[in-house]
Amino acid sequence: MKHNHITLAHGNGGEESSLLINKIFYEAFNNDILKKSEDAAIIEGGKLAFSTDSFTVTPLFFSGGDIGKLAVCGTCNDLAMMGARPKYLTCSVIIEEGFSIDSLEKIVDSMKKELTVNGAIVVSGDTKVVPKGSVDKIFINTTGIGEVLYPEISASKITEDDLILLSRDIGNHGAAIFASREGIELSSDLKSDCASLYPIVKKLIDAKVKISALRDATRGGVGAVLNEWAQSSNICIEIEERHIPMSDEVMGLCEILGFDAISLANEGTFVLAIQKEDASKALEILKIYNSFASVVGKVTQHYSKKVVLHSEWGTTRFLDMPSGELLPRIC
Amino acid sequence: MNKIDKTVKRLQLKELYSGFRDAEVIKSYAVLIHKLSKNLQKPLNIMEVCGGHTHTIMKYGLKQLLPSNINFIHGPGCPVCIMPKERINHALILSKLPDVILVTLGDMIKVPGSDGSLQDARAQGADVRFVYSPMDCIKISHDNPEKKVIFFAIGFETTTPMSAALINKVVKEKIGNIIFHINHVTIPEAMALLLEDNSHNINAFIGPSHVSVISGSKIYEPFPKIYKKPVVVSGFEPVDVMKSIVMLIEQVLDNRCEVEVEYSRSVSYDGNVQAQKLNNSYFEKREHFRWRGIGDITSSALKLKPEFSFIDAEKIYEAILPTQEINDHKLCICGDILKGKASPQNCNIFGTLCKPSHPVGSCMVSSEGACAAYYKYGDIL
């Protein structure tokens, strides 16, 4: 069935989002840089990385972060995932009439702190205030420019010489937000993983780790990243399910609501395709930041453009692109 | 205070399921099934009635562990899948009324009727919300006293008491702005209908444990007695399903035919009598209900008793809710799949015209439908 209206499914980071982007935006803005569909565009002959992201989240303040931290991490992480050092950001906010100045100060303060972590500065901005009901409290857009330190990172360059790694346990942001948003009234230690990734990427680059691709697993989760990679690089990614790191809290929420942690959003968790000989070196560095870091899979040609999950008891299945709005199961 | 002493070691949530996903246990059941099944005279075709089991079988790849003479037939037990389009249209019509908040459970909001889904209605401005517990309607009604909250109730025996509990509160506390559109269905009548059809291929059943937590294992008694089909009431973890297969094979080999409970950790013969009482105070059987893909089944659904017509949306809005039946696309073979006569791969439009993002037929609409499970997890081996 053809959609005549935008539904929430179009914003889930999975199949419907790709369709929307490909059919409407790529068709209109079509150019070679855009079509690469990387986390950030590489411009000026490979010297600069350039990315933009808009942020809206309910609740604005959540366990592990707030919309301000998210707005800086999000754009800086997109730059870092292209091997770039975040340098300059713009910050544009749309605020609903009646919004508390105290909250705004808190949000801006978080942004300031997170900029320091990245070593970036905000060099231009814009503020709009709109009548009540026109936006939900506050929307923030940040756009960033970074200096490329490690060129040639790309989702389309992954080969059988790479191993697939995860930087930490998955699904924390999505689980924390869902638990607080739906008023499920769970008593839990769920905390968003919202964090800046540039410091880790810098360590990997300094250690001369041979990186093929990096991607932070935001909307659509790790499942979406792996599927995008399998398609862009024309490969099969085979994952050992038992090696996917997951906290008890996230697993618990997924059990109760019928979610798959692999399609839950993250805001400070990334997937790495690292050349085999450097995988253990990369893992060592990742483990400094989070002991859950793990090698989760390999690249083959068994089922081109597909992601395959292997269970501990010897069965296999496909992991498809997350699709539809995240909905709790009925019974 | 009711707090548990911190020195007491509490059971963690994951301890409730981790053993039931233990790789070694699963593998040892697979070995046992292979060994036992060699003694079977003919193939054992097991219908797992509930979509939750279909999901478990596909997600954990259990089919890959079984010998070729043990087959699954995927049954009609998915409350979203069996909802006929004309009733989804009711939800759409109600959601578009002024000053109405339409509330339902999870998956229901993405199932298309003949004029889009509730998700589409929401995108066009209708106030459609999904809740995890029907009781959340109380807060919604309290926060929106000027609006009418319509709870579009769906589900099998499992979710019926949750609706009944909400109705009980609404009636007892005289909450004026919550009404109900009831679509609760019951499973044994559908199972019996499948067996009445002479062309069926079913030798045994795996029954859903959560239904029997409420209704008891007694509801399956007619199947061994009248239809000579053994039933095992099973939990939803992979170890539960593997063990249930062993129990069914053993029944066949021992020449037994009975109702057995694998999920003995929560299922009793009589079930949750309190919940049944609550259901019986508000609901009575419908004469018949049309199941999407299957057709009319006598006494297979519930409706509000006449004395509660003041909260019955079907009565209140009778004039604007059409009852004309709307069938699925003629290429769709969901009817045969739900009856166990065909497999998703036998369908010409599976994975092409019909996908989870654009479902044509009932089995693709919910993550628990057979087609959706096949599409999502594939079937590699």
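How many Å separate the centres of domain 2 of chain B and domain 3 of chain B? Taken over C-alpha atoms, those two centres are 25 Å apart. What you're looking at is a predicted model, where local features need pLDDT of at least 70, side-chain atom pairs count only at pLDDT 80 or more, and totals for chains, interfaces and linings use all residues. Residues are numbered from 1 along each chain as its sequence is written, while chains are lettered from A and ligands numbered from 1 in the order in which they are written.

**Chain B**

- Chain B splits into domain 1 (17-78 + 198-261), domain 2 (85-187 + 271-320) and domain 3 (334-375), with bounds from an automatic or database domain assignment.
- Six residues of domain 2 of chain B are in contact with 10 residues of domain 3 of chain B (contact: C-beta atoms, placed from the backbone, lie within 7 Å).
- On the domain 2 side of that contact in chain B, you'll find three nonpolar, one polar and two charged residues.
- Here Ala, Val, Leu, Ile, Met, Phe, Trp, Tyr, Cys and Pro count as nonpolar, Asp, Glu, Lys and Arg as charged, and the others, Gly among them, as polar.

**Chain A**

- Chain A has domain 1 (31-148) and domain 2 (162-318), and their centres, over C-alpha atoms, sit 23 Å apart.
- Their contact draws 22 residues from domain 1 of chain A and 23 residues from domain 2 of chain A.
- On the domain 1 side in chain A, helix H3 (67-80), strand E5 (84-96) and helix H4 (101-118) each give two or more residues (helices, H or I with at least four residues, and strands, E with at least two, are DSSP runs numbered from the N terminus).
- H3(A) gives the most to that side, with seven residues.
- By class, that domain 1 side of chain A has 10 nonpolar, eight polar and four charged residues.

Notes. Two residues are in contact if their C-beta atoms, placed from the backbone, lie within 7 Å.
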